[in-house]
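Please examine the structure shown here. The questions that follow set computed values against their definitions.

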Amino acid sequence: MSYPRGDKRESEKSVTSQLPAAEMAVSCLLVLTLLATSSLASLPDLGYPGWQCDASLYQKSQKVPTSAHSVRFPDIKIIAALGDSLTAANGAGAPKGDPLAVILQYRGLAFQCGGDSSLDEHVTVANVMKKFSPNIMGYSTGIGSANVWEVSKLNQAVPGAQAADIITQARALVQIMQSHKDIDIKNDWKLINVFIGANDMCRYCEEKENGVHSKANWKQSVITAIQILKDNLPRSIVSMTGMFDMRMLRQIDHDKYFCDGLHVFECPCEKKSSFTNDDVSHACHLYMDAQQEIQDSGMFDTTDDFTFVLQPFFNGITIPPLKPDGEVNLDWFAPDCFHFSKLGHANVAKHLWNNIVQPVGSKNTVVNLSDPTIPLNCPDTSCPFIRTTKNSADCSKYMTK
């Protein structure tokens, strides 16, 4: 991309001074992007070189399944995501000590839908899915916003989004899929990842139970967004990452004055002293309860070609990742001590993937974020499908060849 530079006879200084403010901002952003990209290789990461599962798990169904409860991992052709800055991967590749780079959306590193590099170097759900479905499409690459197709693809997450905003994202995702020449809406199986709630909690203390961010309103927004997907995207499995207990933030930024100051703007409720640790935890658990209620209601299990599955590994975690000496491991976090770093995205992706292959009712609801040796699990050869409420109850009803 190029930008107007004015008369070539002018000095570089005078030309720069004549650039409109918007173009100056774009130029600064490009410079910041180049600098941030150059530092990516030096950041700690987590990959699984040579990871393999039983050979049978890499085979597609002999016939394209018609039931969402009989979908093997190689049957998935499309991967997508909805969410906020955590799903947009803000700051994931930011150099340490460079909080300005947190404005950059490193979508290629995003734990749900990032496709930079391979599983050998960096864990994401998309990179694991490439092992089973090498031609899968929709994963993000590089750095950029949701409206830049070349970067975002089907990761429609928007920084700052709250639950009400994923309704708009769902509509945008439907529109993109319906208009894309390489996506067969009716026949392609889709894995749509959703993660939302942090920004709602960061405003929850302003109104508490009766306000915009109440459990009831939050739940209805999620239902509305998923219903849009159900009405317009047949053959879809919606995998929703469970809400996490954000009182952890107070442990992460404790005695870290720079992070503490940033969180005043990023998450006002976290910095409000009258909003106690118990208040923060209570708000987050209300959202967790709402997610569980959506799954338990079966409202998205009324047709064979669509289902909703909750991945609750975050739910019971109250302690942030720690170093062996007990200090918070800031390698997990971007320079603002809020967003996930490259390593943080890889670790979260590992636990999310392990939840995806676990049966509903037997999924981990708490994991040890401090243990990097926890393996990346394979699907169960006796029930080789993406686990859903129905095939978890009785897989034999859904067995196919």
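Q: What makes cysteine 202 and cysteine 267 a disulfide?
A: A disulfide is a pair of cysteine sulfur atoms within 2.5 Å. The sulfur atoms of cysteine 202 and cysteine 267 are 2.0 Å apart, and the two form a disulfide. This is a predicted model, in which local features need pLDDT of at least 70 and side-chain atom pairs count only at pLDDT 80 or more, whereas totals for chains, interfaces and linings use all residues. Residues are numbered from 1 along each chain as its sequence is written, and side-chain values use heavy atoms, with hydrogens and water left out.

Q: Why is the disulfide of cysteine 202 and cysteine 267 called left-handed?
A: The torsion about its S-S bond is about -100°, so the disulfide is left-handed.

Q: What makes cysteine 202 count as buried?
A: Its relative accessible area is 0%, and buried means under 20%, exposed over 50%, and partly exposed in between (1.4 Å probe, protein chains only). Cysteine 202 is therefore buried.

Q: Why is cysteine 378 called partly exposed?
A: Cysteine 378 has a relative accessible area of 30%, and is therefore partly exposed. Cysteine 378 forms a disulfide with cysteine 53, the sulfur atoms being 2.0 Å apart. Cysteine 53, at 12%, is buried.
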